[in-house]
Amino acid sequence: MGSAIKIKGLSFRYRGFKEWALRDVDLEVEEGEFILIVGPSGCGKTTLCRCINGLIPHFYEGELHGEVTLLNDINVLEKEPYELVEYVGMVFQDPEAQLITSTVEREVAFGLENLGVSPDEMRARINWALGMLRIEHLRDKAPYELSGGEQQKVAIAAVLALQPKILILDEPTANLDPLSALEILNLLLNLKEKLGITVVLVEHRLSMIVDKVDRIVVMREGRIAANGKPRDVLKDKLVEDIGVEVPRVVKVYKELFGGERWIPLNPRELAEVVIHALKRHRDQEPLV
Ligand SMILES: Nc1ncnc2c1ncn2[C@@H]1O[C@H](COP(=O)(O)OP(=O)(O)OP(=O)(O)O)[C@@H](O)[C@H]1O
Ligand SMILES: [Mg+2]
């Protein structure tokens, strides 16, 4: 597996601002990895996403130091954003604001037209992308007729049709109800499984996905404060201290057992730990 994203010594401040939004960030993401970026409001998550897809420095100006390289040799700083769309797709928080055409099909076709894809290829890719997101039935609908969850699926289908190797999603479920959020997150996991696509997800709802991602990157004040496997990162008190919403199972476990050992990431794992502890207790101190 090669490197999907390599960020070295990246610092950035928006033009006209004194504060650095990113401070000396180093981050590597392998091809096919699914990473979760978390951290308090204003810590630089969105800014980091913009640096990966080239919106910084090509759209948002400012002072930038460091390097961002995609897929081993694509230098983001030197490419124009339109050249990057084949490599990296971006989905934002507000689904409605991203949808610009009159039907779902046109929406998915839009980016492909700009790429100069042939009509046959375009038809095939639209069908494929709608199929991957399970929204073929919405093809002729207008984006404004859709629910927020459906709109977000259309936004994902539209970037997926460009067949990027990397998908970046900046709080894609923030405006959705829990059920739609879960559906979107499961679709993303499915894309990773089926296509081997690299996913960088900024998401607050940790409990829905923390047991399925490869890595968590915690940001604080423009820096990376922690970076590792979910179990290792969540074991640390740091995550709670900086205001990231820790999954309830982790909190319950820490209250029951302290935080030093193997942390459960979902209710099933917590139940297993509790049952194991009860059995041990019973064997040591028979009830009768
Ligand atoms: N377009 C912009 N112009 C100037 N400053 C900006 C701009 N966008 C973000 N910032 C500043 O950069 C810093 C990082 O912001 P960023 O939006 O990356 O944080 P975030 O982690 O995504 O926060 P949130 O969780 O609220 O989305 C903040 O201090 C913010 O005010
Ligand atoms: Mg943000």
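**Notebook: pocket and rings**

I began with the largest pocket and looked up which elements line it. α3 (81–84), β6 (88–91), α4 (95–98), α5 (104–115) and α7 (148–160) each give at least two residues to its lining. I note that this is a predicted model.

Which element supplies the largest share of that lining? I find α5, with 5 residues.

I looked up the space next. The largest pocket holds about 780 Å³. Its lining counts 25 residues, and Val85, Met90, Phe92, Val159 and Leu162 are the closest to the pocket centre.

I turned to the aromatic rings. I count 4 aromatic pairs in the structure. One of them joins Phe12 and Tyr14 edge-to-face, with 5.0 Å centre to centre and 80° between the planes. Are these two residues buried or exposed? Both Phe12 and Tyr14 are buried.

I checked another pair, Phe59 with Tyr60. Phe59 is exposed, and its relative accessible area is 60%. That value counts as exposed because the cut-off is over 50%. Tyr60 is partly exposed, at 26% relative accessible area.

How do these residues connect? Ring pairs link Phe12, Tyr14, Phe59 and Tyr60 into a cluster.

My last entry is on a charge at Tyr60. I see the charged end of Arg50 over the ring of Tyr60, 4.0 Å from the ring centre.

Definitions and conventions:
Residues numbered from 1 in each chain as written. Chains lettered and ligands numbered in written order. Predicted model: local features only at pLDDT ≥ 70, side-chain atom pairs only at ≥ 80, totals over all residues. Heavy atoms only, no water. Phe/Tyr/Trp six-rings, centres within 6.5 Å; stacked < 30°, edge-to-face > 60°. Buried < 20%, exposed > 50% of the residue type's maximum accessible area, 1.4 Å probe, protein only. Lys NZ or Arg CZ within 6 Å of the ring centre and 35° of its normal. 1 Å grid on protein atoms, 1.4 Å probe; cavity = no way out; pocket = protein on both sides within 12 Å on 5 of 7 lines; lining within 4 Å. Points joined across faces, edges and corners; volume = space filled by probe spheres on them. Helix = DSSP H or I, 4+ residues; strand = E, 2+ residues; numbered from the N terminus.
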